[in-house]
Amino acid sequence: MTATVLSPRLSHRLRLRRRADRWINLLLLMPGCGFLLLAMMLPICQLALASFGLFGIGAVGQFTIQNYAEISQNLLFTSAFRFSLQIAAVTTLISVAVATLFTAVLQIDFPGRRLVGALYKVPLVVPSLIAAFLVLTMIGPGGMAARVLQPFGVRWPSFLHDPSGFGIILVLLWHNIPITILIVSAVAAAVPRDVIEAARTLGANPWRVFRRIMVPLCAPGIAAAALLVFIDAFGTYAIPSLIGPAFPRAISVMMTSEFLLHANWGTASALGVVMIVTTALILVLYHLLVDRGAARPDS
Amino acid sequence: MTAFWFIRSRRLRWLIGGIILVGTVLVFVLPMAVAVLWSLVDPEVGWFPPDVVPSRLSLANWRALLAVPEMSQAFAASFLIATLVTGLCMLLGLPSAYAIARRPLRHRRAIELLVLTPLMMPSVVLATGLGSIFIRLGLSQTIVGVVLAQTIVVLPFMIRIVTATLTGVPQDLIDAARNLGATPLVMTRRVLMPLIVPGLFAGALLAFIGSLEEFILTFVVGMPKIQTLPMLLWAYLGGRSSIQTYAAVVSLALLAPTLIVLFIAERVLKQEHLAAGFGKA
């Protein structure tokens, strides 16, 4: 009797409990996650609307694709987009290659290995503006490299405002390679010792172990690091605004100068939407390549 | 991480070690030393090219940090804003971190993704969208506006670190406290809090640093009324006019708290928490 009478009451109480739980969750999540949701959605909606001429500051208030026509036809904007993509791609490739090699080197048992392992982390705490300053004191005009080479009659190339964007890439590399090393070597540390020892016993030399075992097993970490570097390099503003060339300019610099100098929020918003879409596409590509690729062998 | 690559010849080992160490010091440490030299250049003598070391050193630039009004004001503004941002992040972040770490959630994956989005979106794009909203709301060029803007990019670090700490608290301890008659409030105060203080501390420090160093959002929302140290640094690096010595002083003033905090954080935090915190600079 008790069982049949109690169970509906119990299930009712359980349902009430679950509903209360849901409210408590909502209440707890509201301040933090609610704030973030609002803080992400509002600017994105604002950008999307303003890029079509709606709700923008100084916009006509009528739907228009004028802004997109402008940025897809004007050479200033198309070259800015290409320039930013180029910088991001080159930075990512070099970062990943150097970081992987550095991780290989850290596998060698050499004296001072722990010190090197601590020293390379210095740039992790340096904000990108300061990174730009530090790199410029070394390789910029009047920098250390130029000073040291001058007595030998060697003219050091100026990396300030060079149209190839190589100066920007060097600063980005200085800033991003340590992050990449940190991620790759953390994944490398998780590779089981047995596998490495088995390969060594079977006659593989250390370089072969690194190439054939470490790199494939670290691939997901390398890809994640590459994603972070690409997104950072594509969206960077401080570095190209200071040491970038007058033409082509980075897309972030074009965007800010559109609204800071020309009060042209419509074009700036369209550029912002292009940047968001590009970043989202990169994320989707990463998901398709890595998450799916990683899931397949297991299942 | 233990090495698996052993080299027999001792001389070769020392040679390899030497080359790598010198290379690392040249690339990652020497620039810091050069920045210190730049901050000590005597403004009356200067430091001109063939010299590898300035001919005369002085503390004039460091005195300027307090004496030049725009620098001392930026210094005060930076630290005021960083304190407010840290407080706000604590207030907003703690409940969410608790929910993510310890409560049954239906859309946990989506919520974790949401926390990550501010780190994935280019800050300059966020700044553009937020800038025009804030102009309309009258928050542009105000401390409140800058604090809100910075909180968006700093809060994710706070939530992630506190979540990681809260996840590490064993449920047994909480159950035991409740079994022994502690009310939820007493349990939180006497059991949970002491266990997560290191994580809270680390989260607060990272939030503080994140706010101190934030540039583009502050630049777009605060300019020209609110000036923080990174904005001054940008100006001295050529954004307005190039003043190398002042740039060095401001850089070092910004780096000092960061280096101190990193030193503390490395003791308090596990490596992976730190890695999560420094995911995006």
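Figure 1. Domain bounds, as used here, come from an automatic or database domain assignment. In this predicted model, local features need pLDDT of at least 70 and side-chain atom pairs count only at pLDDT 80 or more, whereas totals for chains, interfaces and linings use all residues. Residues are numbered from 1 along each chain as its sequence is written, and chains are lettered from A and ligands numbered from 1 in the order in which they are written. The assignment for chain A gives domain 1 (1-43) and domain 2 (74-298), and the centres of these two domains, taken over C-alpha atoms, are separated by 44 Å.

**Figure 2. Helices and overall dimensions of chain A.** Chain A holds 12 helices and 0 strands, where helices (H or I, at least four residues) and strands (E, at least two) are DSSP runs numbered from the N terminus. The radius of gyration of chain A, taken over C-alpha atoms, is 26 Å, well over the 19 Å that the globule rule (2.2 Å times the number of residues to the power 0.38) gives for 299 residues, so chain A is more spread out than a compact globule. Along the principal axes, the C-alpha atoms of chain A fill a box of roughly 100 × 70 × 30 Å.

**Figure 3. The largest nonpolar core.** A nonpolar core is a set of buried Ala, Val, Leu, Ile, Met, Phe, Trp, Tyr and Cys residues joined through C-beta atoms within 7 Å; a residue is buried if 20 or more other C-beta atoms, placed from the backbone, lie within 10 Å of its own, exposed if 12 or fewer, and partly exposed in between. The largest such core has 161 residues, and those with the most contacts inside it are A:A132, A:V135, A:V171, A:L271 and B:V250. Helix α6 (residues 143-167) of chain B gives the most to this core, with 15 residues, and at least three residues come from each of domain 1 (1-43) and domain 2 (74-298) of chain A.

**Figure 4. Surroundings of A:A132.** Two residues are in contact if their C-beta atoms, placed from the backbone, lie within 7 Å. Not counting residues up to four places away in sequence, A:A132 touches A:V171, A:A238, A:I239, A:L242, A:I243 and, from chain B, B:L237.

**Figure 5. The side of chain B that touches chain A.** The contact takes 76 residues from chain B and 83 residues from chain A. On the side of chain B, the elements that give two or more residues include α3 (69-102), α4 (108-120) and α11 (244-268), while the largest share, 15 residues, comes from α1(B). The residues of this side divide into 57 nonpolar, 14 polar and 5 charged, with Ala, Val, Leu, Ile, Met, Phe, Trp, Tyr, Cys and Pro counted as nonpolar, Asp, Glu, Lys and Arg as charged, and the others, Gly among them, as polar.
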